[in-house]
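Biologist: Put the model up on the screen, please. I'd like to go through it chain by chain, and I'll ask as we go.

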Amino acid sequence: MNAMEKVAWTEVIVTMSSVVATAALLPWLGDGAWGAFGLLGLLVVGAFFVRSRDGRVVVDERDREIEQQAMRWGIGAAWQFLFMSLIALVFWSSTYNEGLIPTRLVTWLIWLQFATCYLVKGIASLLAYRRATLAT
Amino acid sequence: MPRKPEPKLSNRVRELREAAGLTQQALADQVGVTRQTILALEKGSYVPSLALAIRVSRAFDQSVESVFQLDE
């Protein structure tokens with residue numbers, strides 16, 4: 001497993017952990033549960049894997065290409081999530097909430113969008129590396 | 001917008017590397033990439049940039065066209 005695969009696994013594990021922790025705390029803390037999204041700060045751990053060792057190349061052009069493609073997937077997924085969520089929110093608020101949108105819901109959207117971006121980016125990276133490994 | 005299809009590129013990197021008695025890591029160190037990229041290159045699952053293709057060809061003292069072939 002190369003350095004960027006480890007970074008991708010970090011992204012997947014950290015985002016999944018933050019979503020699971022938030023969901024677990026929701027019954028007890030309600031909106032306060034979004035504090036668990038602070039676990040997304042652990043994404044910086046990925047930087048530990050890309051430090052240069054023994055003067056060898058750790059990240060090369062193929063890794064950068066895979067990361068760029070994965071980031072496009074991540075941003076695209078996050079954008080779609082936000083777009084569809086806002087549409088649903090507008091329909092809901094206009095039908096059931098007199099056109100009012102609680103700001104707390106917008107806060108949830110922002111955190112979930114962030115998590116979605118890095119989760120999809122991580123998965124896209126892992127799939128790209130897996131395709132390369134399985135290729136004959 | 002539909003993606004541009006990746007060109008099919010075959011190569012003789014593995015054959016030339018083994019003939020030169022190089023490990024994948026040694027070749028990777030020589031051309032400035034990771035071992036996994038050399039592995040992907042040899043499997044044909046990665047299309048290298050022009051710069052990398054030239055560096056790999058120079059490592060074997062061959063022309064780019066003799067190392068990489070475009071399958072059309």
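Biologist: What percentage of the contacts in chain A with a separation of 6 or more comes from residues 24 or more positions apart?

Modeller: Bear in mind that this is a predicted model, where local features need pLDDT of at least 70 and side-chain atom pairs count only at pLDDT 80 or more, while totals for chains, interfaces and linings use all residues. Residues are numbered from 1 along each chain as its sequence is written, chains are lettered from A and ligands numbered from 1 in the order in which they are written, and side-chain values use heavy atoms, with hydrogens and water left out. A contact means heavy atoms within 4.5 Å. Among the chain A contacts with a separation of 6 or more, the share from residues 24 or more positions apart is 74%.

Biologist: Which pattern does chain A follow along its sequence?

Modeller: Helices (H or I, at least four residues) and strands (E, at least two) are DSSP runs, numbered from the N terminus. Chain A has three helices and zero strands. Reading along the sequence, you get α-α-α.

Biologist: Why is chain A called more spread out than a compact globule, and what is its radius of gyration?

Modeller: For 136 residues the rule gives 14 Å, and chain A is well over that, so it counts as more spread out. Its C-alpha trace spans about 60 × 30 × 20 Å along the principal axes. The radius of gyration of chain A is 18 Å.

Biologist: Is Ser18(A) buried or exposed?

Modeller: Ser18(A) sits in helix α1 of chain A. Beyond its neighbours within four places in sequence, Ser18(A) contacts Ala36(A), Phe37(A), Leu39(A) and Leu40(A). Buried means under 20% relative accessible area, exposed over 50%, and partly exposed in between (1.4 Å probe, protein chains only). With a relative accessible area of 0%, Ser18(A) is buried.

Biologist: And Thr116(A), what is its relative accessible area?

Modeller: Thr116(A) belongs to helix α3 of chain A. Not counting residues up to four places away in sequence, Thr116(A) touches Ala77(A), Ala78(A) and Phe81(A). Thr116(A) counts as buried, and its relative accessible area is 19%.

Biologist: Which element gives the largest share of the lining of the largest cavity?

Modeller: On a 1 Å grid over the protein atoms alone, a cavity is a set of points where a 1.4 Å probe fits but cannot get out, and a pocket is an open set with protein on both sides within 12 Å along at least five of seven lines; lining residues have an atom within 4 Å of a point. The structure has one cavity of 30 Å³ or more, and its lining includes Met4(A), Glu67(A) and Tyr129(A). At least two lining residues come from each of α1 (3-29), α2 (61-96) and α3 (103-134) of chain A. The largest share, four residues, is supplied by α1(A).

Biologist: What volume does the second largest pocket have?

Modeller: Grid points are joined across faces, edges and corners, and a volume is the space filled by probe spheres set on the points. Of the 16 lining residues, Ala3(A), Arg53(A), Val57(A), Val58(A) and Gln36(B) lie nearest the centre of the second largest pocket. Two or more lining residues come from each of α1 of chain A and α2 (24-31) and α3 (35-43) of chain B. The volume of the second largest pocket is about 290 Å³.

Biologist: Over to chain B, then. Which pattern does chain B follow along the sequence?

Modeller: Chain B has five helices and two strands. Read along the sequence, they run β-α-α-α-α-α-β.

Biologist: What radius of gyration does chain B have?

Modeller: The C-alpha trace of chain B spans about 45 × 25 × 20 Å along its principal axes. The globule rule gives 11 Å for 72 residues, and chain B comes close to that, so it is as compact as a globular protein of that length. Its radius of gyration is 12 Å.

Biologist: Is Arg17(B) buried or exposed?

Modeller: Arg17(B) is in helix α1 (residues 13-19) of chain B. Among the residues Arg17(B) touches beyond four places in sequence are Leu27(B), Glu42(B) and Phe60(B). At 7% relative accessibility, Arg17(B) is buried.

Biologist: Last one: what distance separates the C-alpha atoms of Asp71(B) and Lys8(B)?

Modeller: Asp71(B) lies in the segment after β2 (68-70) of chain B, and at 42% relative accessibility Asp71(B) counts as partly exposed. Leaving aside neighbours within four places, Asp71(B) contacts Lys8(B), Leu9(B) and Ser10(B). Asp71(B) and Lys8(B) are 63 residues apart along the chain, and their C-alpha atoms are separated by 5.4 Å.

Terms used: The radius of gyration is taken over C-alpha atoms; the globule rule is 2.2 Å times the number of residues to the power 0.38.
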